[in-house]
Amino acid sequence: MKQRYDLLVIGGGPGGAIAARTAAEKGLSACLVEKRPAIGVPVRCAEGIGKEALKEFIEPDDRWISAEIQGARIVAPDGTAMTVEQQMAGSKVGYILDRKIFDRELVWQAAGAGADVFVKTRAVAPILDNGRVWGASVSFCGEERKVAADVVIAADGIESKFARWCGLDTTVPMRELMSCAQYVLTDIDIDRHMAVFYFGNRIAPEGYLWVFPKGERTANVGIGISGRKSRDGHRARQLLDRFIADLFPRGKMIECIVGGVSVCRPLPCTVADGLMVVGDAARLSDPMTGGGIANAMITGRLAAEVATGCIGRNDVSRNALMEYDLGWRSSKVGKSLEKNYRIKEIFIKLDDEKLNTLIQTASRLDLKDFSVLTLVKELIKRNPKMLLELKSLYSVVK
Ligand SMILES: Cc1cc2nc3c(=O)[nH]c(=O)nc-3n(C[C@H](O)[C@H](O)[C@H](O)COP(=O)(O)OP(=O)(O)OC[C@H]3O[C@@H](n4cnc5c(N)ncnc54)[C@H](O)[C@@H]3O)c2cc1C
């Protein structure tokens with residue numbers, strides 16, 4: 001490990017890997033540190049991603065694609081199911097990845113492009129001078145070292161501490177931190193090309209439960225519920241166990257994970273002098289779905305591009321790095337995060353009866369020309385009793 005790099009990336013998830021790869025491709029000396037002993041494990045993810053989002057960064061490869069998804073089924077609290085087929089869902093259809101291999105492949109590519117990579121290396125503190133970030137102290141296989149860098153990219157995920165150490169407020173309100181549990185279940189009957197989402201306040205309060213196929217008879221079966229509904233920290237797992245006992249009583253659990261997902265608005269500012277924050281560390285997962293792989297890669301790439309320009313101009317001040325913050329905020333990512341945040345706020349207030357009504361109505365529609373806007377218009381026409389909620393929804397999606 002050198003004592004000095006142009007760019008230091010903290011975290012070897014998709015955000016950090018793409019940042020390091022992009023920087024190295026642009027000719028920066030880049031170093032990525034990951035605290036875990038291996039990239040990609042344990043997997044804390046349901047592994048779903050849209051096809052288009054993925055292809056922007058890497059050619060799909062069977063080695064790390066577990067399943068191809070052709071549609072989604074949405075199940076109401078009363079069991080009514082609505083199917084969104086491939087031709088209606090557009091870019092929403094995608095893949096279920098094998099992140100153990102996928103994350104590793106991204107980091108491999110970063111290394112291949114010339115970045116230095118160190119696992120079992122934890123950033124323990126920023127090097128600060130008058131509030132300006134100059135690098136980080138890292139614990140490298142138990143030994144503490146100082147690594148100087150013109151710019152540090154904090155890509156340390158949902159559990160991110162680095163940005164907070166540098167003075168940014170990264171707090172996630174309890175109600176906006178989803179408490180998640182997931183099993184890889186095998187020997188179960190599933191449709192291997194259909195992602196299924198279950199809604200309802202009894203099933204998954206202020207969240208949802210998912211079944212994402214990983215092959216013929218195997219799936220990621222998981223749940224996310226609002227932190228404020230998860231009084232004892234075990235509630236997500238209890239609800240998941242109850243669901244599995246009902247639906248997949250013979251399923252065999254071969255993996256079990258728990259984790260958190262933020263569904264709040266992004267950090268108010270994602271840069272400081274010498275620092276940029278990307279992906280989950282910047283609270284950029286989608287508030288509606290909890291999905292954050294694509295946004296982590298998009299912001300990882302943008303951060304490295306902006307850092308390259310700023311380092312070249314010898315100005316890595318907060319003002320100069322703001323190009324990154326303003327860039328993602330004004331892009332499709334920023335707009336869709338804001339829109340989906342507002343939609344989520346409407347949805348979590350619906351009781352089961354209203355959820356049933358909406359999904360029943362939607363399941364009866366001919367959704368050939370599917371768009372969220374046409375769907376909402378139809379729902380308004382057919383559910384005058386829910387005018388208030390649907391009108392606020394319309395004002396968000398129009
Ligand atoms: C149960 C669950 C299901 C999910 N399902 C989906 C899904 O289906 N689709 C989707 O798109 N997203 C999903 N997500 C979210 C997705 O996993 C994240 O959005 C994505 O991994 C974010 O990438 P990232 O690079 O920002 O952070 P991460 O992938 O979390 O990577 C951060 C890395 O930083 C490392 N790190 C942390 N601190 C330090 C430190 N001090 N020093 C060095 N390294 C450090 C961590 O070990 C980690 O490897 C899910 C999340 C959960 C919990």
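In what order do the 7 strands of the open sheet stand? In this predicted model, local features require pLDDT of at least 70 and side-chain atom pairs count only at pLDDT 80 or more, while totals for chains, interfaces and linings use all residues. Residues are numbered from 1 along each chain as its sequence is written, and side-chain values use heavy atoms, with hydrogens and water left out.

The order is β6-β5-β13-β14-β15-β12-β16, with mixed pairing; two strands pair if DSSP finds at least two bridges between them. Strands (E, at least two residues) and helices (H or I, at least four) are DSSP runs numbered from the N terminus. The twist from one strand to the next averages 15 degrees. Strands β12 (residues 177–186) and β15 (residues 218–226) run antiparallel and are joined by 9 bridges; Ala-181 stands opposite Ile-223 in β15.

Helix α1 (residues 14–25) is largely enclosed by the rest of the structure, because 11 of its 12 residues are buried (under 20% relative accessible area, 1.4 Å probe, protein chains only). The elements covering these buried residues include β1 (4–10), β2 (30–33), α4 (99–113), β11 (143–154) and α7 (293–312), contact being defined as heavy atoms within 4.5 Å. Just after α1, Gly-27 adopts a positive phi of about 95 degrees.

Key:
Buried < 20%, exposed > 50% of the residue type's maximum accessible area, 1.4 Å probe, protein only. Axes fitted to C-alpha atoms, helices over the stretch in contact; angles between N-to-C directions.
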